Amino acid sequence: MTTPRRTLNRSLLSSALLSSTLLGASLLASATALAAELRMGLITPPQHIWTQAAERLAETVAERSDGELTITIFPAGQLGDEPAMFSQMETGLLDMGIMTAAITSQREPAFVGWFTPFLFDSVAEAAEATETNAAQQMLANLEDKDLHAFGYTFAGMRHVLMRDGRVESLDDVHRDKVRIIPIPAMQAWWREAGATPTPVHLPDVYQSLQNRMLDGIDIDLDALVGSGFYEVAEHLTLTSHMAFPAVSVISQATWSSLSDEERELLEDAMQEALTWATESQIEVEASNLAYLKETIDVFSLEDAEGVFDAANLAFQARFGDHPVIQAFQQEVAARQDGE
């Protein structure tokens with residue numbers, strides 16, 4: 001008479017175990033559904049201020065979301081150059097990045113305004129210009145390009161590093177192969193200066209200088225020091241001829257897939273990281289320059305704006321009529337005049 005009871009007990013036990021297993025699987029599936037991993041690409045090496053900002057962002061987001069929203073960082077062009085990374089954002093292979101305003105200008109031409117020659121004397125001045133209406137309009141224009149922009153941060157001002165001597169006049173760069181970022185603004189400016197503007201992928205610059213495939217580079221101090229370019233080119237001419245901002249972006253597809261809470265968390269964390277990077281860069285600019293002065297020949301070109309006057313005019317003739325660029329230049333000038 002006990003056999004049916006045992007059979008019943010076993011049935012109940014089996015049902016309980018099955019329910020427990022299904023519940024556990026359901027909870028696991030729910031946890032998995034809640035967790036999200038974002039992929040973030042950068043062209044800069046691990047020691048660069050932008051990569052450090054990305055790492056800080058990832059740490060903050062993981063901590064504040066209790067690990068349910070994470071960001072994996074791919075620095076140093078691991079996923080390709082910036083045009084390739086923008087394409088990956090379009091196809092869903094990459095979620096976000098801190099991208100140079102230079103390459104971003106290929107998608108939104110208004111960003112060329114940031115490369116107006118001699119518009120700023122320092123990173124601090126350039127950072128203040130992010131508050132202008134025109135600078136914010138540039139970010140807003142990316143919405144039509146399937147990108148959501150968080151904001152700006154900066155590397156150092158642009159200078160000229162040469163293998164064989166200082167730049168004291170345009171004769172010193174005549175026909176020299178000067179590495180640039182391949183955007184029309186830099187190409188036009190350097191071509192009018194008499195040099196041969198030569199696009200080279202950043203990770204290949206060191207070897208190109210070493211092998212004399214390049215005579216010099218248009219570079220900021222952070223990338224110069226961080227990538228060790230001073231080891232293969234020993235003459236730095238300080239010009240501060242252009243600012244060099246970055247734009248933090250995320251694909252609209254990824255942005256739309258996040259909950260309101262995740263968007264708010266990511267927005268806040270990103271603004272903190274970008275602000276930290278800009279403030280740090282202002283301080284690092286001075287320490288980088290001090291280090292280079294002890295290491296290589298550093299020369300400050302007096303009246304650099306006048307020396308490059310023909311190149312400056314060529315830039316303005318080609319790009320100065322764009323309405324947002326024109327507004328940006330005017331707003332920056334007005335702010336500087338008001339100081």
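**Reading helices, a sheet and a core**

Me: Is the crossing of helix 7 and helix 13 left-handed or right-handed?
Reply: The crossing of helix 7 and helix 13 is right-handed. A crossing gets this name if the near helix is turned clockwise from the far one by less than a right angle, and left-handed if anticlockwise. This is a predicted model, where local features need pLDDT of at least 70 and side-chain atom pairs pLDDT 80 or more, while totals for chains, interfaces and linings use all residues. Residues are numbered from 1 along each chain, and side-chain values use heavy atoms, without hydrogens and water.

Me: At what angle do helix 7 and helix 13 pack?
Reply: Helix 7 (residues 184–192) and helix 13 (residues 309–319) pack at about 145 degrees, with axes 7 Å apart. Axes are lines fitted to C-alpha atoms over the stretch in contact, and angles between N-to-C directions run from 0 to 180 degrees. Helices (H or I, at least four residues) and strands (E, at least two) are DSSP runs, numbered from the N terminus.

Me: Which residues of helix 7 and helix 13 meet?
Reply: In contact (heavy atoms within 4.5 Å), Pro184, Ala185, Ala188, Trp189 and Glu192 of helix 7 meet residues of helix 13 including Phe315 and Arg318. The residues of this contact divide into 9 nonpolar, 1 polar and 2 charged. Here Ala, Val, Leu, Ile, Met, Phe, Trp, Tyr, Cys and Pro count as nonpolar, Asp, Glu, Lys and Arg as charged, and the others as polar.

Me: What order do the strands of the open sheet have?
Reply: Strands of a sheet pair through backbone hydrogen bonds, either parallel or antiparallel. DSSP must find at least two bridges for a pair. In this open sheet, 5 strands have the order 2-1-3-10-4, with mixed pairing. Its edge strands are strand 2 (69–74) and strand 4 (147–154). Strand 3 (residues 96–100) and strand 10 (residues 245–251) run antiparallel, joined by 5 bridges, and methionine 96 stands opposite isoleucine 250. Helix 3 (residues 82–91) lies across strand 1, strand 3, strand 4 and strand 10.

Me: Which residues touch the most other members of the largest nonpolar core?
Reply: A nonpolar core is a set of buried Ala, Val, Leu, Ile, Met, Phe, Trp, Tyr and Cys residues joined through side-chain atoms within 4.5 Å. Buried means under 20% relative accessible area, with a 1.4 Å probe. Of the 91 residues in the largest one, Trp114 and Leu266 touch the most other members. Among the residues that leucine 266 touches are Met96 and Ile250, the two that stand opposite each other in the sheet.

Technical notes:
Buried < 20%, exposed > 50% of the residue type's maximum accessible area, 1.4 Å probe, protein only. Lists of a residue's contacts leave out its neighbours within four places in sequence.
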